[in-house]
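Trainee: I would like to go through this model element by element. Where shall we begin?

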Amino acid sequence: MQTEAPINLGQHHQVAMVGDLHGNGRWASHVNKAAAARGVSLLLQVGDLGVGPWPGESRSARRPFGGFIRGLDDDLGQRGQRMIVTIGNHENFDALDDAPRDDAGMIIIGEHIRVLPRPARFTIGGPPSGTEDRLGSTASGPGSSVIRSFGSLGGAPSVDLFHRKVGKSWWMQEQITEEHVAAVRADVRANHSVDVMLSHDAPALTPAVSRIVDATPNPWPPEVVQYAERGRSLLSEAFHAWRPTVAFHGHYHVRDTAEVHGGVTGRPFETPQGEPFTCRVESLAMDGVLGNAVLLDINTLDVSPLV
Ligand SMILES: [Fe+2]
């Protein structure tokens, strides 16, 4: 959890919510362009961004996180946009661990790109004043009359880890840990629930996610299935603690909207916490597919299609 300063991302009437990008530079630029056309300067990305370097790339002063991140940073800068990332599982975690952090604990991977610590709480909104936000760009648009709280807990288990190379294309830091969940519980005790939760893995089993998880024949060995369930279980605990009104995630590459009920007994890993609550879960599709990005209205928390 960030400790130094609370993160405030400034005043925005609406923001873009972006699913997995997988290092797809052309598609990322397409998303940024579509957001810019709608006057949106802040993009919240929910992991599998494609932080490198990846095999075939070497770390250099100009490209410490690979060519995709460098190009994305330039593209965002040209459009006056910033991207705030909830980490996924396909990211170079060693490069992220070595990266500098700002005074709120956010990892600096570009002039216009920050990766949120795990977990993180931040706010968006408030009356318009034209002041600068934390990333140094003036917020555009009419602002929002309300301040929305966001909780972010990135990471997810890779089900294809046996086909990957440790330290080259797979990193154990991808896992969500007991410590992360304990930090979320401490955050709830200090700051109460959040309006919006961001994660890479699914915070709850919606019908669309269940169909993918339960797909038969399942190609993954039992220990991998168990590893994946453990990750969802820990994230589910964070979800039930944060009690969000809306939750966004991308890991399953499917665009879907579903209402789920928290605080009630469900699947074994859905640990009830406190009073029942209802959350609208917005699953986002992957790069190259319609439904990869939506607009989130900060006042109403409604979403509308973007890309
Ligand atoms: Fe992905």
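Predicted model: local features only at pLDDT ≥ 70, side-chain atom pairs only at ≥ 80, totals over all residues.

Trainee: What do the buried residues of α1 pack against?

Mentor: Helix α1 covers residues 25-37 and reaches 18 Å from its first C-alpha to its last, close to the 18 Å expected. Its buried residues include V31, and V31 is among the residues touched by V18. The elements they pack against are β2 (14-18), β3 (42-45), α2 and β13 (293-297).

Trainee: Which residue follows α1, and what is its phi?

Mentor: Most residues other than glycine have a negative phi. The residue that follows α1 is a glycine with a positive phi. It is G39, with phi near 75 degrees.

Trainee: How many residues of β2 are buried?

Mentor: Q14, A16 and V18 point one way from β2, and V15 and M17 point the other way. Residues on both sides are buried. The count for β2 is five of five.

Trainee: In what order do the strands of the open sheet lie, and which stand at the edges?

Mentor: The sheet has seven strands with mixed pairing, in the order β5-β6-β4-β3-β2-β13-β14. Each edge strand has a single partner, so one side of each is left without a neighbour in the sheet. The edge strands are β5 (107-108) and β14 (303-305).

Trainee: Which helix packs on the sheet by touching β4 and β6, and at what angle to β6?

Mentor: Strands β4 (residues 82-85) and β6 (residues 113-115) run parallel and are joined by three bridges. In β6, I113 is the bridge partner of M83. The helix that touches both strands is α2 (residues 67-78), and its direction makes about 125 degrees with that of β6.

Trainee: Is D195 buried or exposed?

Mentor: D195 lies in the loop between α4 (178-191) and β9 (196-199). Beyond its neighbours within four places in sequence, its contacts include R148, F150, V246 and L301. The cut-off for burial is 20 or more other C-beta atoms within 10 Å. D195 has 20, so it counts as buried.

Trainee: How far apart in space are D195 and V246?

Mentor: The two residues are in contact. They are 51 residues apart in sequence. From C-alpha to C-alpha, the distance is 6.5 Å.

Trainee: Which prolines follow a cis peptide bond?

Mentor: Most peptide bonds are trans. The bond from G52 has omega near 5 degrees, and the bond from R118 has omega of about -10 degrees. One proline is in the loop between β3 and α2, and the other is in the loop between β6 and β7 (120-126). They are P53 and P119.

Trainee: R243 and H253 have positive phi values; is each buried or partly exposed?

Mentor: Phi is near 50 degrees for R243 and near 60 degrees for H253. R243 lies in the loop between α6 and β10 (246-249), and H253 in the loop between β10 and β11 (256-262). With 22 C-beta neighbours inside 10 Å, R243 counts as buried. H253 has 18 other C-beta atoms within 10 Å, so it is partly exposed.

Notes: Residues numbered from 1 in each chain as written. Pairing = 2+ DSSP bridges. Helix = DSSP H or I, 4+ residues; strand = E, 2+ residues; numbered from the N terminus. Contact = placed C-beta atoms within 7 Å. Axes fitted to C-alpha atoms, helices over the stretch in contact; angles between N-to-C directions. Buried ≥ 20, exposed ≤ 12 C-beta atoms within 10 Å, placed from the backbone. Expected span 1.5 Å × (residues − 1).
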